[in-house]
Amino acid sequence: MIFETRIFIPFERKTSDLVLSEKITYSSFGLIFLCFIILFIFHKFSSPELINFLSTTIITLVFIAIFLRGFLRMFEYENLNGTFDGHFQLDSENIKMNNRIFELSTISALKIEILNYKGQRTNNTKSGPSFYQGISNRISFESENEPIKIQFLLLSQEHIDDFYEIIVSIIAKEKINYTRNLINLIPEKHRKSQEFRNFILKLIMEKKLECTEGLLIHGYSSDEEARQLRAKYCY
C-alpha cells in the first residue's frame, strides 16, 4: 500500500488572495464610483445628453460586472500562491520526500491537518472562488530530532480516504511508537475498520488506554455488547 502526491511550497511573500472575479468586481465598482464623482462635479457644465449617456454607461457597467462575476465564479478555483515542488510518498515502512527517506520507526510528534481536496466546494456563496485547489493539507513530524513539515496536494475524497487508510494501518501495526495523540489523528469516519478496532482493544488489554475511553473509541451497538467487551478486555 502506497500513498503518493505532490508537495506544495507556498510563496514566502503572499500575493493577493483576490481571484479574477473579485478583481473585476472591485475594479468595476471603483470605475463606477469615479464616474459618479465626475458626474457630480461636472453636471452643471454638461449637457443632458452627456449626463444620460454617462448614467446609462454606469448602469450597463454594473450589470456587466454582476454577470461576469457570477459566470466566472462557476468555474473559479482559489489562488495557489505557491508552487508544486517534489513528491511525497507514504508506505508501510517509510515517508519519502523527494530524495529523503524517513523510517517510520524514527518518527515522533506526528501531526496531520487535512482541510480540503482539489475541486471541493468552498463555503463562499456571494464572492470569492467556488472551489479549493486542494493544497491546504499538512503533515509534520520529528525524525532524529529534526523537525519536518510539508504542505501537500489532495485530489479527491478518495485520495483522502487512501491517505487515512495507510495512516490507520501504520498506527495499528505500531510502525510508529504509540502515543495517545496518534488516535486523535484519525477522524471518526476512519475509525470503523476492524484493524483499528482490534488495535484499540489491544491497547485496553495492555493498559495503554483506559477501559471506558477505549470502549467509547472502539464503539458498541448496545449496553449488552459494552458489558461483554468490558468483561473480556477490561481486567
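1. In the hairpin of strands S6 and S7, where 2 residues lie between the strands, Glu 144 adopts a positive phi near 55°. Strand S6 (residues 137-143) is joined to S7 by 7 bridges, and the two run antiparallel; within this pairing Phe 141 stands opposite Ile 148 in S7. Strands here are DSSP runs of E with at least two residues, helices are DSSP runs of H or I with at least four residues, and both are numbered from the N terminus; two strands count as paired if DSSP finds at least two bridges between them.

2. A word on the basis of these remarks: this is a predicted model, in which local features need pLDDT of at least 70 and side-chain atom pairs count only at pLDDT 80 or more, while totals for chains, interfaces and linings use all residues. Residues are numbered from 1 along each chain as its sequence is written, and side-chain values use heavy atoms, with hydrogens and water left out.

3. Strand S2 (residues 82-90) pairs with strand S3 (residues 94-97) in the antiparallel sense over 3 bridges, and Leu 90 has Ile 95 in S3 as its bridge partner.

4. His 159, found in helix H3 (residues 157-172), is buried, with a relative accessible area of 11%. Buried means under 20% relative accessible area, exposed means over 50%, and partly exposed lies in between (1.4 Å probe, protein chains only). Setting aside residues up to four places away in sequence, His 159 touches Phe 3, Glu 4, Thr 5, Leu 153 and Leu 154, a contact being heavy atoms within 4.5 Å.

5. A disulfide (a pair of cysteine sulfur atoms within 2.5 Å) joins Cys 211 to Cys 234, with an S to S distance of 1.8 Å. Cys 211 is buried at 13% relative accessible area, whereas Cys 234 is partly exposed at 23%.
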